[in-house]
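Reader: I have a model open and would like to go through it with you. Can we start from a strand pair and work outwards?

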Amino acid sequence: ALASALDCVIAMDHEGKITEFNAVAEKTFRYSRAEAIGKDLAELIIPPSQREAHRRALAHYRATGEGPLLNKRIELTAMRADKMELPVELTVTRIGKKQPPHFVGFIRDISERQRVEKEILTRRQRALILHEINAAVTSSLDLQTVIAFLLEKVDSLLPYAVSTLRLLNKKTGVLEATACRNIDETEWKTIKWRPTGGLARIVLETGTPLIIGDARRDPRTRHPNLLVKYGLFSYLGLPLVSRGKTLGV
């Protein structure tokens, strides 16, 4: 049964010593069965910050016969042999009624599940924000209100990024520095932007997003020193389009 189990199966005695450690546990925690048997479970797979709580719970059960976590499915953090912590789902039951008590834990690595759940949540949040941005840009709100709302939502999507908005002056053809977040506005607005060339101009002329992994090294970047100063690497340029017309970047 242990060989065919899909979850980690780890048994321990009343002192917290491991008495069983199946193949899935070996793969998950990076210990061989021979290495694990007889070892203190707390020292082997429980993060240091949680070990004392584990030992108190075990001592409480030995003294009272009561364990609030027994036969319940809980989520907590475990630790591999390389000291990397991982989220797990745990169910602990007592084996039989003989004294002293023995326990078996069924443990499942839920790292991938949490990653997928987080990704789904992030996608939903992004979709909602993009919908709100689109609604604001296409509404009849005044321009300054739209700009403030737009940068606020971009900040929600990318909270650690610098965001800037440059609007096209139809008379001069220049992409004028209009508004920004997470960068010194005075410094940014006093930079002398050329009417041609540069990343924003590419976005404007192509009407499509531009993504650059390392903008510092890209020859099209006009002011790489500014990126270095603010600790920036990647660039995402998006055309600001309203009713079929590109207003800026």
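Author: Start with S163, which stands opposite R181 in β7. Keep in mind that this is a predicted model.

Reader: Which way do β6 and β7 run, and how many bridges join them?

Author: They run antiparallel, and 6 bridges join β6 to β7.

Reader: What do β6 and β7 form, and how many residues sit between them?

Author: The two strands form a hairpin with 6 residues between them. In the turn, G173 has a positive phi of about 80 degrees.

Reader: Which residues of α8 are buried?

Author: Helix α8 covers residues 199–206, and its buried residues are L199, A200, R201, V203 and L204.

Reader: What follows α8?

Author: G207 does, with a positive phi near 70 degrees.

Reader: Where does N182 lie, and what is its phi?

Author: N182 lies in the loop between β7 and α7 (185–190). Its phi is positive, about 65 degrees, although N182 is not a glycine.

Reader: Is K83 buried or exposed?

Author: K83 is exposed, because its relative accessible area is 53% and the cut-off is over 50%.

Reader: Peptide bonds next. Is the one from Q99 to P100 cis or trans?

Author: The bond from Q99 to P100 is cis, with omega near -5 degrees. Most peptide bonds are trans.

Reader: Where is the place of P100?

Author: P100 is in the loop between β4 (85–94) and β5 (103–109).

Reader: Change of topic: D40. Where is it, and is it buried or exposed?

Author: D40 is in the loop between α2 (33–36) and α3 (41–45). D40 counts as buried because its relative accessible area is 18%, and the limit is under 20%.

Reader: Which residues is D40 in contact with, leaving aside neighbours within four places in sequence?

Author: D40 is in contact with G16, K17 and R55.

Reader: Now the whole chain. How many helices and strands are there?

Author: The protein has 9 helices and 11 strands. Its radius of gyration is 29 Å, well over the 18 Å from the globule rule for 249 residues, so the protein is more spread out than a compact globule.

Reader: What box do the C-alpha atoms fill?

Author: Roughly 90 × 40 × 35 Å, along the principal axes.

Reader: What share of the residues is buried?

Author: Of the 249 residues, 33% count as buried. The accessible surface comes to about 15600 Å², and 56% of that belongs to carbon and sulfur atoms.

Reader: Last one: how many positive and negative side chains are there?

Author: There are 39 positive and 29 negative side chains, and the centres of the two sets lie 5 Å apart.

How values were computed. Residues are numbered from 1 along each chain as its sequence is written. Side-chain values use heavy atoms; hydrogens and water are left out. Helices (H or I, at least four residues) and strands (E, at least two) are DSSP runs, numbered from the N terminus. The radius of gyration is taken over C-alpha atoms; the globule rule is 2.2 Å times the number of residues to the power 0.38. Buried means under 20% relative accessible area, exposed over 50%, partly exposed in between (1.4 Å probe, protein chains only). Accessible areas come from the Shrake-Rupley method with a 1.4 Å probe; for residues, only the protein chains shown count as cover. Lys and Arg count as positive and Asp and Glu as negative; His and the chain ends are not counted. The place of a charge is taken as NZ of Lys, CZ of Arg, CG of Asp or CD of Glu. Two strands pair if DSSP finds at least two bridges between them. Contact means heavy atoms within 4.5 Å.
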